Amino acid sequence: MVASQPACLKHGGIYKGDGVPCTATTCEPIGQTGACCLPNGGGCIQSTDADCRAVGGAFLGPGTPCTATTCPNTLPEGCCCLADGTCIATTKLKCDLAGGSYAGNGVPCSGFLKGTQCCIGLVGNVDGDETGGVDISDLSNLIDGLYISLTPFPCDQAADVDNSGNIDISDLSTLIDFLYINFTPLPPCL
Ligand SMILES: [Ca+2]
Ligand SMILES: [Ca+2]
């Protein structure tokens, strides 16, 4: 609507300038989402103009879609597990924006991980047995997966015993410490 600047601000509006006419595109609906190109080639998310600017992105306009070619993504991807338990391959930035837990660049979402929260309660059930118990069979499974057969773990989150984001010798020492040395309790699943 056309109004004076004080009248506009009084009603919480955004004053576009003296003499600027109202056309179909003058005023964008406040809070409407559209495509947002993330900085540094981070790809596209759907967000409001304000949220997009808050992360340094470029807002393409309300109602614009994110397609495969809307904004190029040149950043590495890895598995991101969301609060609802679904795991998707995406970038760390997008994962952080979605409040997810990023497993690391290049870490795949295994078939077991995808769509399920495979690590429930505490980490350490490396062999993924249904009881969830942590014992010597989890230790041998971890050694086997790390150094012998290199078989993928049924649940990477559970095998990341120190919650560091990757699976390596420090998970082995953490598990040995828990089972046989200091019995330090294992951390909760991320
Ligand atoms: Ca087990
Ligand atoms: Ca680890």
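This is a predicted model: local features need pLDDT of at least 70, side-chain atom pairs count only at pLDDT 80 or more; totals for chains, interfaces and linings use all residues.

Student: OK, so where does Leu 82 sit, and is Leu 82 buried or exposed or in between?

Tutor: Leu 82 is in the loop between S4 and S5. Because 15 other C-beta atoms lie within 10 Å, Leu 82 comes out as partly exposed. By the way, strands (E, at least two residues) and helices (H or I, at least four) are DSSP runs, numbered from the N terminus.

Student: What does Leu 82 touch?

Tutor: Leaving out residues up to four places away in sequence, Leu 82 touches Ala 98 and Gly 100. A contact here requires C-beta atoms, placed from the backbone, within 7 Å. Leu 82 and Ala 98 are 16 residues apart in sequence, and their C-alpha atoms are 7.3 Å apart in space.

Student: Let's zoom out. How many helices and strands are there?

Tutor: The protein chain has 6 helices and 6 strands. Starting at the N terminus, the order is α-β-β-α-β-β-β-α-β-α-α-α. Of the 190 residues in the protein chain, 27% are buried. Among contacts with a separation of 6 or more, 52% are between residues 24 or more positions apart.

Student: How are S1, S2 and S3 arranged?

Tutor: They make an open sheet of 3 strands in the order S2-S1-S3, with antiparallel pairing. Strands count as paired if DSSP finds at least two bridges between them. The edge strands are S2 (44-48) and S3 (58-62), each pairing on one side only. On average, neighbouring strands of this sheet are turned by 35 degrees against each other, direction ignored. Those angles are taken between N-to-C directions of axes, running from 0 to 180 degrees, and the axes are lines fitted to C-alpha atoms, for helices over the stretch in contact.

Student: How many bridges are there between S1 and S2?

Tutor: S1 and S2 pair antiparallel over 5 bridges. S1 (residues 33-37) also pairs antiparallel with S3, over 3 bridges.

Student: Which other non-glycine residue has a positive phi?

Tutor: Asn 163 is one, with phi near 55 degrees. Asn 163 is located in the loop between helix H5 (156-159) and H6. Its 16 C-beta neighbours inside 10 Å are why Asn 163 counts as partly exposed.

Student: Back to strands. What order do S4, S5 and S6 take?

Tutor: S5-S4-S6, in an open sheet of 3 strands with antiparallel pairing. S5 (87-91) and S6 (101-105) are at the edges with a single partner strand each, so one side of each has no neighbour in the sheet. S4 (residues 77-81) and S6 run antiparallel and are joined by 3 bridges, and Gly 78 has Asn 105 in S6 as its bridge partner.

Student: Last topic: at what angle do H4 and H6 pack?

Tutor: About 165 degrees, with the axes of H4 (residues 136-148) and H6 (residues 169-180) 10 Å apart. That makes H4 roughly antiparallel to H6, since angles over 145 degrees count as roughly antiparallel, under 35 as roughly parallel, 65 to 115 as roughly perpendicular and the rest as oblique.

Student: Which residues make that contact?

Tutor: From H4, Asp 138, Leu 139, Leu 142, Ile 143 and Leu 146; from H6, Asp 171, Leu 172, Leu 175, Ile 176 and Leu 179. They divide into 8 nonpolar, no polar and 2 charged. Nonpolar covers Ala, Val, Leu, Ile, Met, Phe, Trp, Tyr, Cys and Pro, charged covers Asp, Glu, Lys and Arg, and the others, Gly among them, are polar.

How values were computed. Residues are numbered from 1 along each chain as its sequence is written. Chains are lettered from A and ligands numbered from 1 in the order in which they are written. Two residues are in contact if their C-beta atoms, placed from the backbone, lie within 7 Å. A residue is buried if 20 or more other C-beta atoms lie within 10 Å of its own, exposed if 12 or fewer, and partly exposed in between; C-beta atoms are placed from the backbone.
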